[in-house]
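Here are my notes on the model, as numbered points. Please read them with the structure open beside you.

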Amino acid sequence: MGLGGCIILIAAGAILTFATDWELEGANLDVIGLILMAVGIIGVATFTSIARRRRVVVPPATPVVEDPHRRAYE
C-alpha cells in the first residue's frame, strides 16, 4: 500500500467517525473509523521510514589534482 492508499484510509476513517450519523446493527461505525485512521497513520509512518532508508546519499566528488612535478612515464 502506497502513501496515497494510507491517506485514503485516514480520510475514510475520519468521514466514518466524524461526518456520519448512520446506525448499523452489529457494528459501531465510530470504532471502524478510528481503526481505519490508525491503520492509515501506521501505514504512513511505515512508508516514510522505508522511503527514508531507500534514499541514497551520494558523497560529493573530490576533484582530482595532478602533481605538476611528477613525470608522465614513471
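1. Start with Gly33, which is located in helix H2. This is a predicted model, and everything below is computed from it. The relative accessibility of Gly33 is 0%, so the residue counts as buried, the cut-off being under 20%.

2. What does Gly33 touch, not counting residues up to four places away in sequence? The list is Gly13, Leu16 and Thr17. For Gly13, the C-alpha atom is separated from that of Gly33 by 3.7 Å, although the two residues are 20 residues apart along the chain.

3. Thr17 sits in helix H1, which covers residues 3–19. Its relative accessibility is 13%, and therefore Thr17 counts as buried. Leaving aside neighbours within four places in sequence, its contacts are Asp30, Gly33, Leu34 and Met37. There is also a polar approach: a polar atom of the Thr17 side chain lies 3.3 Å from the backbone nitrogen of Leu34.

4. Now take helix H2 as a whole, residues 29–54. At the start of H2, a side-chain oxygen of Asn28 comes to within 3.2 Å of the backbone nitrogen of Asp30.

5. Which residues of H2 are buried? They are Leu29, Gly33, Met37, Gly40 and Gly43. An α-helix has 3.6 residues a turn, so residues three or four places apart point the same way. The buried residues of H2 pack against H1.

6. Phe47 also belongs to helix H2, but it is not in the buried group: its relative accessibility is 34%, so Phe47 counts as partly exposed. Together with Leu3 and Ile7, Phe47 forms a nonpolar patch on the surface. The accessible area of these residues together is about 240 Å².

7. Last, the overall figures. The protein has two helices and zero strands. It has 74 residues, of which 14% count as buried. The accessible surface comes to about 6,600 Å², and carbon and sulfur atoms hold 65% of that surface. Among contacts with a separation of 6 or more, 52% are between residues 24 or more positions apart.

Key:
Residues are numbered from 1 along each chain as its sequence is written. This is a predicted model: local features need pLDDT of at least 70, side-chain atom pairs count only at pLDDT 80 or more; totals for chains, interfaces and linings use all residues. Side-chain values use heavy atoms; hydrogens and water are left out. Helices (H or I, at least four residues) and strands (E, at least two) are DSSP runs, numbered from the N terminus. Buried means under 20% relative accessible area, exposed over 50%, partly exposed in between (1.4 Å probe, protein chains only). A polar contact is a pair of N or O atoms within 3.5 Å; within protein, one must be able to donate a hydrogen and the other to accept it, and residues adjacent in sequence count only if both atoms are side-chain atoms. Contact means heavy atoms within 4.5 Å. The expected span of a helix is 1.5 Å times one less than its number of residues. Accessible areas come from the Shrake-Rupley method with a 1.4 Å probe; for residues, only the protein chains shown count as cover. Patches are made of residues with over 30% relative accessible area and no salt bridge: like charges are joined within 9 Å, nonpolar side chains (Val, Leu, Ile, Met, Phe, Trp, Tyr) within 5 Å. A salt bridge is a side-chain nitrogen of Lys or Arg within 4 Å of a carboxyl oxygen of Asp or Glu.
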